[in-house]
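Take a look at the model first, then follow each solution step by step.

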Amino acid sequence: MTEKKVGIADTTFARYDMGGAAIDELRKNASLKIERYTVPGMKDLPVASKKLIEEKGCDIVMAFAMPGPEVIDKQCAHEASLGIIAAQVLTSRHIIEVFVHEDEVEHDKELALLADRRAREHAQNVLKLLFKPQELEREAGMGKREGFEDAGPLR
Amino acid sequence: MTEKKVGIADTTFARYDMGGAAIDELRKNASLKIERYTVPGMKDLPVASKKLIEEKGCDIVMAFAMPGPEVIDKQCAHEASLGIIAAQVLTSRHIIEVFVHEDEVEHDKELALLADRRAREHAQNVLKLLFKPQELEREAGMGKREGFEDAGPLR
Amino acid sequence: MTEKKVGIADTTFARYDMGGAAIDELRKNASLKIERYTVPGMKDLPVASKKLIEEKGCDIVMAFAMPGPEVIDKQCAHEASLGIIAAQVLTSRHIIEVFVHEDEVEHDKELALLADRRAREHAQNVLKLLFKPQELEREAGMGKREGFEDAGPLR
Amino acid sequence: MTEKKVGIADTTFARYDMGGAAIDELRKNASLKIERYTVPGMKDLPVASKKLIEEKGCDIVMAFAMPGPEVIDKQCAHEASLGIIAAQVLTSRHIIEVFVHEDEVEHDKELALLADRRAREHAQNVLKLLFKPQELEREAGMGKREGFEDAGPLR
Amino acid sequence: MTEKKVGIADTTFARYDMGGAAIDELRKNASLKIERYTVPGMKDLPVASKKLIEEKGCDIVMAFAMPGPEVIDKQCAHEASLGIIAAQVLTSRHIIEVFVHEDEVEHDKELALLADRRAREHAQNVLKLLFKPQELEREAGMGKREGFEDAGPLR
């Protein structure tokens, strides 16, 4: 089997190097090729992700962004998300969206920790999608959360 | 006639195993093939559903999610819904969306019951779409509700 | 000229049989083939309409729904509408959306009358689109309303 | 060079004959073919415009509507706009959206004047897009407004 | 290597010649072909950008607009953004959106300065995407802002 290739699409707008954290996590846990593509802002991610799939042959892509706290930022994140979903539906490949909103936590330090953890936990999801789908199936409906404590299943 | 194949796309984010409930309901009532595909979150469902149709040959897909109560959760659900509709329109196959919002009821126990019931009632809808479309036609305009009591027709 | 075929896509969620009313109105006024397809909810209408066009050869489709009064219902209606427009743009065929919102009037009886009248008046629109486009052109800018009194042209 | 063909897509819902005003303005100022297509409401405009391009060979289309003042009207206008943009992107042809919102001015008479003027000024834009693109380029960033006084460039 | 071609799509609605500023910045810093296409408003930008890519052979496009401060302006900007993302996903080419909202600053003079600076800084982004992608990668997660001071990385 040829080695799998993971695309990393990220932005210069974000205030934490989530792409770097994810690459570190992926490399620690698996042998695969990584292709990175950095763009200015989150609305550039849909086409960047599609190019990683079509032109660079990535099997799966991770798309990282850090939307600001204003109404306009939320709208941009919404537009970027819809574009990322469209790119997935058109290519039939996964693009795992890893967005950390600046207002999810109060302080910069927490935000950096959240961004790092979410990037790494989604990198683990990517590894499961590629190599261990049965692990995801075992966790179906278990209330998993990336970056925060798991909510857990209803009881 | 070859056996029909139903795809089950669900998430590790959800806090109840709706996919499992639907599979149980489908198996109790019909002989068909089932293909399950669990992804991290609800925005991964559109492409997961499309892959079930294109790569696994599913005749119909059920897509399960449990959006949280926050504004951002509602926005994610909206984006996922639009993607699920896009995947249907592009493949010309049904993807029955089974979303249970965490704030539809007050307590965890009720939520689990709602999720179970909605999953099963939509599994019944899937069976009707596959095998008994004339039953759906007889119920046209009858105010059916999945998971709650039917509203019934206007009088 | 072969007989025209009209698709009727409707839901079991709606609380009035708008599809039945439209079929009655169409049959009273023209000789055409009718294909009905009932689905559970309004988000199933885009693909149902596309299937009526592609698989059943319908020349035009009417898509009926009755969204509830809650915010989530409005969002579902929005998603369904966008999907219906997408299905039209992809097939280059009309899908006439006939939605009656539960909160357009106060009482159930009024709602039933509104639904019946809107269904029939849009059935008339379908007949004009199919057979008498010049009548629509004569009414351009005339403030027509389906289900309520016409607003009429500005004066 | 063969004569250019302009499509006019409008509605019976609108309360002013904007399509007629635009046709008058176009005919006064150029020699071209005009194809008109009137549909019931603004959500029918995306497919109507696409049909004008694909089936009637229009080089460019104008799409006219007059959304009402209610929240639901704004949502319909939003859906129609997205559909019109989708139809443009899929056909790679311009569809100039000419929407006049009922609540842009206070009185019916003003609304009729606004509708007439906006229709005519956008007809002029269509002529520039077809025959004098360099005029539009000269006006880039000049704060042009259709129907109202120009805002003019920042100073 | 053949010379790269940059498309400039802008509007007569905007109140500052951002397209001109970007062209000046591009020409000062690189040797490339530029194709300009001015349209009336921002909703015309998605198809204008697609035409620049498909019909004029542009390798990348910049799309400039200046949305007004009203709710309707925000909605138009949202629709234009979604269309620009769709055009990118369909063509697999970047269309760098350069929007300046009239209410981002208080006075006209500041707005002109902001528009000029954002246009030029995004022109620099375009040059990096075309010729120096490794520079963008070095700036990943660095909190870059176009038109304003950089936010910088979290610490």
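**Exercise 1: strands around E1(E)**

Find how many bridges join E1(E) to E3(E), and which way the two strands run.

Solution. The parallel strands E1(E) and E3(E) are joined by 4 bridges (strands are DSSP runs of at least two residues, numbered from the N terminus; a pair needs at least two DSSP bridges). Within E3(E), Ala63(E) is the bridge partner of Ala9(E). Next, 7 bridges link E1(E) with E2(E), again in parallel, and there Gly7(E) has Glu35(E) as its bridge partner.

This is a predicted model, in which local features need pLDDT of at least 70 and side-chain atom pairs count only at pLDDT 80 or more, while totals for chains, interfaces and linings use all residues. Residues are numbered from 1 along each chain as its sequence is written, with chains lettered from A and ligands numbered from 1 in the order in which they are written.

**Exercise 2: the faces of H1(E)**

Work out which residues of H1(E) are buried and where they lie around the helix.

Solution. Start with the buried residues: Met18(E), Gly19(E), Ala21(E), Ala22(E) and Leu26(E) (buried means 20 or more other C-beta atoms within 10 Å of the residue's own, exposed 12 or fewer, with C-beta atoms placed from the backbone).

Terms used:
The arc is that of the directions from the helix axis to the C-beta atoms.
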